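Work through the exercises below with the sequence and the model open. Try each task before reading its solution.

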Amino acid sequence: MNLIILLLPILAIVLMFRSQKKRQQQMQQMQTSLEPGAGVRTIGGLYAKVKAVNDETVELEIAPGVVTHFTKSAIAAVLEAAEYDAIINGRPDEDEGVDASDEDAEVEAGSADAKPLSFSKDDATGGDAKAEAEGGAPASK
């Protein structure tokens, strides 16, 4: 029993170090695979294209003609070309034609049953009289 109590914390520590080492290796591999033209996301959430890769730094184009220098460790992810293009240029609505007609039909059906809202004083007092007639307490004035 005492042996299990001693081994559990040691096993937990070993597993934590192992997963941390694995993440570091993945990050190192991602940083070495950087190439010009790739879309990236920095740890600060900045999306940019790689212009040049140096030993310790990366030149990122954040806007046409605007190039900044970042350390390789500041790169959080290398994005696929399609994913980068979708993020930068916006995602098209694929179901726009089908869903829009369904939503319009639901709105029209719901609006026929619903009473239009009115904020006139007459409607407010009529609602209080109706509440009193139904046995509810009158609204305070």
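**Exercise 1. State how many helices and strands the protein has, and their order.**

Step 1. The protein has four helices and five strands, where helices (H or I, at least four residues) and strands (E, at least two) are DSSP runs numbered from the N terminus.
Step 2. From the N terminus on, the order is α-β-β-β-β-β-α-α-α.
Step 3. The model is predicted: local features need pLDDT of at least 70, side-chain atom pairs count only at pLDDT 80 or more, and totals for chains, interfaces and linings use all residues. Residues are numbered from 1 along each chain as its sequence is written, and side-chain values use heavy atoms, with hydrogens and water left out.

**Exercise 2. Find the strands that pair with β1.**

Step 1. Two strands pair if DSSP finds at least two bridges between them.
Step 2. β1 (residues 39-42) runs antiparallel to β2, with three bridges, and Val40 stands opposite Ala48 in β2.
Step 3. Four residues separate β1 and β2 in their hairpin, and Gly45 in the turn has a positive phi of about 90°.
Step 4. β1 also pairs with β5 in the antiparallel sense, over four bridges; here Thr42 stands opposite Ile75.

**Exercise 3. List the residues of the largest nonpolar core.**

Step 1. A nonpolar core is a set of buried Ala, Val, Leu, Ile, Met, Phe, Trp, Tyr and Cys residues joined through side-chain atoms within 4.5 Å. Buried means under 20% relative accessible area (1.4 Å probe, protein chains only).
Step 2. The nine members are Met30, Leu34, Ala38, Val40, Ala48, Val50, Val58, Leu60 and Ile75.
Step 3. β2 (47-53) and β3 (57-63) are the elements that give two or more residues to this core.
Step 4. Leu60 has contacts (heavy atoms within 4.5 Å) beyond four places in sequence that include Val40, Ala48, Val50 and Ile75.

Notes:
Buried means under 20% relative accessible area, exposed over 50%, partly exposed in between (1.4 Å probe, protein chains only).
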